[in-house]
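Hello,

Here is the structure I said I would pass on. Please open it first; my notes on what was found follow below.

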Amino acid sequence: AQRSLVRLRRLACETSDHVPIELQANLELPFELPMIAQSGASGIGLMRTEFLFMNHETLPDEDLQFTTYREAVQAMDGDPVTIRLLDWGGDKQSDASGAAELMPDVHEPNPALGLRGVRLLLHHPALLELQLAAILRAAAYGHVRIMIPMVSSLGELTEVRAALHRVWRRLQAAQTRLPAELPALGVMIETPAAALIARTLAAEAAFFAIGTNDLTMYTLAVDRSVATANRLYDPLDPAVLRLIAMTVHAARAFAIPVSLCGELASRAETIPLLIGLGLRQFSMHGGAILRIKRVVRTTDLTEAQTLAAAALAAPTAADVHALLT
Ligand code: PEP
Ligand code: MG
């Protein structure tokens, strides 16, 4: 089985009727980098940056962030690296780290609904600008895209973009080595609000990445951190699938790329359904790439579209699961 996976690496990633599908990798910790570079991934679709802030007594400075991002960019050798701005808060905070000081003094009874992701960044503009500066400097060494987590309104995108332009001009004035052009700025679609205003966001964003881990939690109002213990947490619920479909339609209407980077992307049985919903790009754990590629190559687009239509019309998650078996 291992040998056939290795052989698979050389074959095109396309459906049985030759629709190209792009598979990228999620990077959570730097030690995964060599594995990802070897995985057959065509880029990094989600570079989580929380590790820089975890278990450190102080906040990472610009140079440490720069060298960390540059390492990923150079390892991918021209393939895109999608660096997600810090997504602190919610289930991702750690009281033991220096980043704990970023969190509000007021105790939030529902951290998942509070100051997290882009909200926290806009609350700490210096932190946002420091990270943007480090990313822009790393972008001079390859292909970088910048992604905003936990967006729930258009204003969050326009405010981050304003900060990006500010930092760009400041670095230019200081004659810092920069890429020829500003990196693409995209948003994660991981709140129901973002999916519902996807057309508004698509008019302004360079790309979308659907985060089904959070989208499922916020749509179904079920805590993701107790997901395994909770059968209510189901990304295949028709409510979640409809938001995914809306997002894909909006991205298509505005001709921007859209990928799916939640855990759902590494579940083999769901790939035909997701392709049927219109997705052509996925980002997942590097170790899952070849396994998923094998599924892609046996998927027929017309059958996948029929499956997706049935799933969107299904009354319950159980009905969707029945369609997949
Ligand atoms: C998601 O929410 O689906 C996602 C990819 O982001 P994270 O798991 O880091 O919250
Ligand atoms: Mg998320």
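I start with a pair of strands: T82 stands opposite R145 in β4. Please keep in mind that this is a predicted model.

Strand β4 covers residues 144-148 and runs parallel to β3, with 4 bridges joining the two. Strand β3 (residues 81-84) sends V81 and I83 one way and T82 and R84 the other way, and all of these are buried. Strand β3 also pairs with strand β2 (residues 44-47), in the parallel sense and over 2 bridges. There, I44 stands opposite V81. To get from β2 to β3 the chain passes through helix α3 (residues 62-75), and this β-α-β crossover is right-handed.

Nonpolar side chains tend to be buried together in soluble globular proteins. The largest nonpolar core here has 93 residues, and I135, V187 and F208 have the most contacts inside it. Helix α10 (residues 238-253) gives the most to this core, with 8 residues. Leaving aside residues up to four places away in sequence, V187 touches I148, V151, L157, A194, L201, A205 and F208.

Is R7, by contrast, buried or exposed? R7, which is found in helix α1 (residues 2-8), is exposed because it has 10 other C-beta atoms within 10 Å, and a residue counts as exposed at 12 or fewer.

Last, the ligand. Among the residues around ligand 1 are L46, R48, D87 and E190. The shell divides into 2 nonpolar, 4 polar and 4 charged residues. Helix α9 (residues 212-220) gives the most to this shell, with 3 residues.

Regards

How values were computed. Residues numbered from 1 in each chain as written. Chains lettered and ligands numbered in written order. Predicted model: local features only at pLDDT ≥ 70, side-chain atom pairs only at ≥ 80, totals over all residues. Near = placed C-beta within 6 Å. Nonpolar A, V, L, I, M, F, W, Y, C, P; charged D, E, K, R; others polar. Core = buried A, V, L, I, M, F, W, Y, C linked by C-beta atoms within 7 Å. Buried ≥ 20, exposed ≤ 12 C-beta atoms within 10 Å, placed from the backbone. Contact = placed C-beta atoms within 7 Å. Pairing = 2+ DSSP bridges. Right-handed = clockwise from strand over helix to strand, strands pointing away.
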